[in-house]
Amino acid sequence: MPYIYFDIVHALETHDTILRVSGGLPGIIDQGRLESIIDHMENDDYYPGFEDKLTHLVYSVNKGHCFQDGNKRTSIALGAFFLEVNGLDVLVSKFIIEMENISVDVADNRVDKELLFDIITSLLNEDDYSEELKLRLIEVLEVANESHGESNQEGDLI
């Protein structure tokens with residue numbers, strides 16, 4: 001099935017809208033990097049399936065620091081738009097809610113691209129995360145909390 005994509009103009013307009021609505025520092029740091037992310041997701045050799053393309057988009061915009069501010073919010077909005085234009089609009093609300101929870105963990109290197117792929121695949125294909133995926137997420141977040149010293153005196157996570 002051929003997918004519907006968007007261009008750099010749409011990505012920039014989306015980012016500008018997000019900043020108008022929710023605030024933040026305007027400005028793009030690296031438009032070429034953003035163009036590369038958008039163009040590269042169309043490459044079926046690297047990203048053969050829809051989940052691959054969506055993961056690349058969300059992860060790369062989140063981590064790519066193309067903008068002064070709003071990279072996480074823009075990654076979620078562009079991912080939601082990609083779902084919508086490809087006929088998966090029934091999943092947009094669920095995607096936005098879950099990605100709001102995950103995007104900070106992606107930005108902070110707690111969720112890598114492989115785990116993000118598994119999360120997105122689950123979001124698109126299952127009603128809830130599998131037990132295995134839930135355990136992986138718990139483990140990742142526990143390790144992150146431990147490394148930040150967020151435990152009580154008995155060593156239990158808060």
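Mentor: Helices are DSSP runs (H or I, at least four residues), numbered from the N terminus. This is a predicted model, where local features need pLDDT of at least 70, side-chain atom pairs count only at pLDDT 80 or more, and totals for chains, interfaces and linings use all residues. Residues are numbered from 1 along each chain as its sequence is written, and side-chain values use heavy atoms, with hydrogens and water left out.

Trainee: At what angle do helix α4 and helix α5 pack?

Mentor: Take α4 as residues 71-85 and α5 as residues 92-107. Their axes lie 9 Å apart, and the angle is about 150°.

Trainee: How many nonpolar residues does the contact of α4 with α5 have?

Mentor: Contact means heavy atoms within 4.5 Å. On the α4 side, Ile76, Ala80 and Leu83 are among the residues taking part, and α5 brings in others, including Phe95, Ile96 and Met99. Ala, Val, Leu, Ile, Met, Phe, Trp, Tyr, Cys and Pro count as nonpolar, Asp, Glu, Lys and Arg as charged, and the others, Gly among them, as polar. By those classes the contact has 2 polar, 3 charged and 9 nonpolar residues.

Trainee: What covers the buried residues of α4?

Mentor: Buried means under 20% relative accessible area, exposed over 50%, and partly exposed in between (1.4 Å probe, protein chains only). In α4 the buried set includes Leu78, Phe82 and Leu83. Their cover includes α1, α3 (50-64), α5 and α6.

Trainee: Which residues of α7 are exposed on the other side from the buried ones?

Mentor: Start with the buried residues of α7, which are Leu133, Leu137 and Ala144. They cover an arc (taken from the directions from the helix axis to the C-beta atoms) of only 35° around the axis, so they sit on the same side of α7. Their cover includes α5 and α6 (113-125). The exposed residues on the other side of α7 are Glu131, Glu132, Leu135, Glu139 and Glu146.

Trainee: Where do α1 and α2 touch, on the α2 side?

Mentor: The axes of helix α1 (residues 8-22) and helix α2 (residues 31-40) come within 10 Å and cross at roughly 120°. From α1, the contact uses Ile8, Ala11 and Leu12. From α2, it uses Gln31, Leu34, Glu35 and Ile38.

Technical notes:
Axes are lines fitted to C-alpha atoms, for helices over the stretch in contact, and angles run from 0 to 180 degrees between N-to-C directions. Helices (H or I, at least four residues) and strands (E, at least two) are DSSP runs, numbered from the N terminus.
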